[in-house]
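Here is a friendly briefing to read alongside the coordinates. Please have the sequence and the model open as you go.

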Amino acid sequence: MDTLGNRPRLLKEMNRAVVMRTVWNDGPISRTDISRKTGLSVPAILKIVDGLLEDGFLREIGEGESSGGRKPVLLDINPKGAYAVGVELTPERLRGALVSLDFEIVARDGQSIDPESGYEVILEQIVLLIKRIVASSKVDSSMILGAGIAHPGVMGEETGKILLATNLKSWRDVPLGEDLERRLGFPVALEVDARVLALAEMWLGGAQDIKNFLSVDVDYGVGSGLVLDGRLYRGTRGIAGELGHMVTEADGVPCACGKRGCLETVVAYPAIVREVTRSPSPAVVELAGGDSAQIRIEHVLEAAMRNDSVALRSIERSARTLGKALGNLLNCIDVEAVFITSALLRAGERYFLPLREEFGKYFLLPEEKPVRILPSALGEDSEMLGAAILILRELFHTQGRRALQVRGERR
Ligand SMILES: [Zn+2]
């Protein structure tokens, strides 16, 4: 029988992750308190902590209060004990950061990209960006556990590959993970941008104490990350959360996916801009430098802040359509909260009121058990941080141990 007891290495790694997680949640903390919280014996904790101190993932930070007898030494995460690179890839830009074990950004860089330039060019740009960030940080490369990439594509079961990215010159079946690993020499993890935001929300944002939630990302497309029972849900085929391609308009406009009337053809920035451009107000045209062909989402938002009725109407339509889709969806998935990330949040209640109102028409229990629909409080670095968490979480969770192993092998 293949039990944990027959696999001492796996058990050891699991226990190390449990200790790391306990220190992350409750540190600074003494060895005795870790033992009490984890249920592992004091001798076992002493041994695991020694190993984690030796590897530099934990540090001793002085003495705590005594409960009679000797004062206990307190342990905390060593912020300089390990690092990961987090990269945000969008159709417009590339941003990256080196993130320490306490989730602080210690170096960053970025550049604009041309989505039409093709896979090889963008691959090379990502490699060079990561190398520049590592070099400028002056962090020894042996301390870097790997790189996580948040991307706007569709992933399948294979996590090293992007199946399709319609807004990146129709990338199809590109092995970005493998190609980057080969060129960089450390582990690389890919994940869909909306799921990466859900991870950031879970680790650093408003969802730290919420087990079941949905994170929705509205920008040039619409994506979502679903967390069930504290774990990111990827689905059987790896496409869970592709909210943007739920059809909401029966005879709507064509979508890049080949269907018509998908949610993102009404809700995302290009749809809002298209709607405003059809019959623009003088205020929006003026903000776009007098040329209605140059109207962008920033101009629409700025006009909305100045009470421009055309801009406000298009943002409201986006909000209502998303509210309707979420109401329908939550009848199926019944999560506790929804976090929304979007530049549209700038419109404040003018965005949220119609969204919540429409949501209430479709959700079955709007009064008895209201769903919290909240703006994400994470800042504009959240995708890079979430991408780094794709790697760093391996130290705190038991399902992914590759980064730890690679580090061990290098030593
Ligand atoms: Zn579609």
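This is a predicted model: local features need pLDDT of at least 70, side-chain atom pairs count only at pLDDT 80 or more; totals for chains, interfaces and linings use all residues.

Residues are numbered from 1 along each chain as its sequence is written.

**Domains**
- The chain is divided into domain 1 (4–77), domain 2 (83–199 + 382–410) and domain 3 (206–375), with bounds that come from an automatic or database domain assignment.
- Taken over C-alpha atoms, the centres of domain 1 and domain 3 are 44 Å apart.

**An open sheet**
- Three strands form an open, antiparallel sheet in the order 1-3-2; strands (E, at least two residues) and helices (H or I, at least four) are DSSP runs numbered from the N terminus, and two strands pair if DSSP finds at least two bridges between them.
- Strand 1 (29–30) and strand 2 (58–63) are the edges, each with a single partner strand, so one side of each has no neighbour in the sheet.
- Strand 2 is joined to strand 3 (residues 73–77) by four bridges, and L58 has I77 as its bridge partner in strand 3.

**Helix 6 against helix 13**
- The axes of helix 6 (residues 193–204) and helix 13 (residues 382–392) come within 8 Å and cross at roughly 85°; axes are lines fitted to C-alpha atoms over the stretch in contact, with angles from 0 to 180 degrees between N-to-C directions.
- The two helices are therefore roughly perpendicular, a label for angles of 65 to 115 degrees.
- Residues making this contact (C-beta atoms, placed from the backbone, within 7 Å) include V196, L197 and W203 of helix 6 and L385, I389 and L390 of helix 13.

- H299, V300, L301, A303 and A304 are buried in helix 10 (residues 297–305); buried is 20 or more other C-beta atoms within 10 Å of a residue's own, exposed is 12 or fewer, and partly exposed is in between, with C-beta atoms placed from the backbone.
- The cover over these buried residues includes helix 8 (269–278), helix 9 (282–287), helix 11 (309–333) and helix 12 (349–362).

**R260 in its loop**
- R260 lies in the loop between strand 13 (231–233) and helix 7 (264–267).
- With 14 other C-beta atoms within 10 Å, R260 is partly exposed.
- Leaving aside neighbours within four places in sequence, R260 is in contact with D251, G252, V253, P254 and C255.

Methods:
Two residues are in contact if their C-beta atoms, placed from the backbone, lie within 7 Å. Angles under 35 degrees count as roughly parallel, over 145 as roughly antiparallel, 65 to 115 as roughly perpendicular and the rest as oblique.
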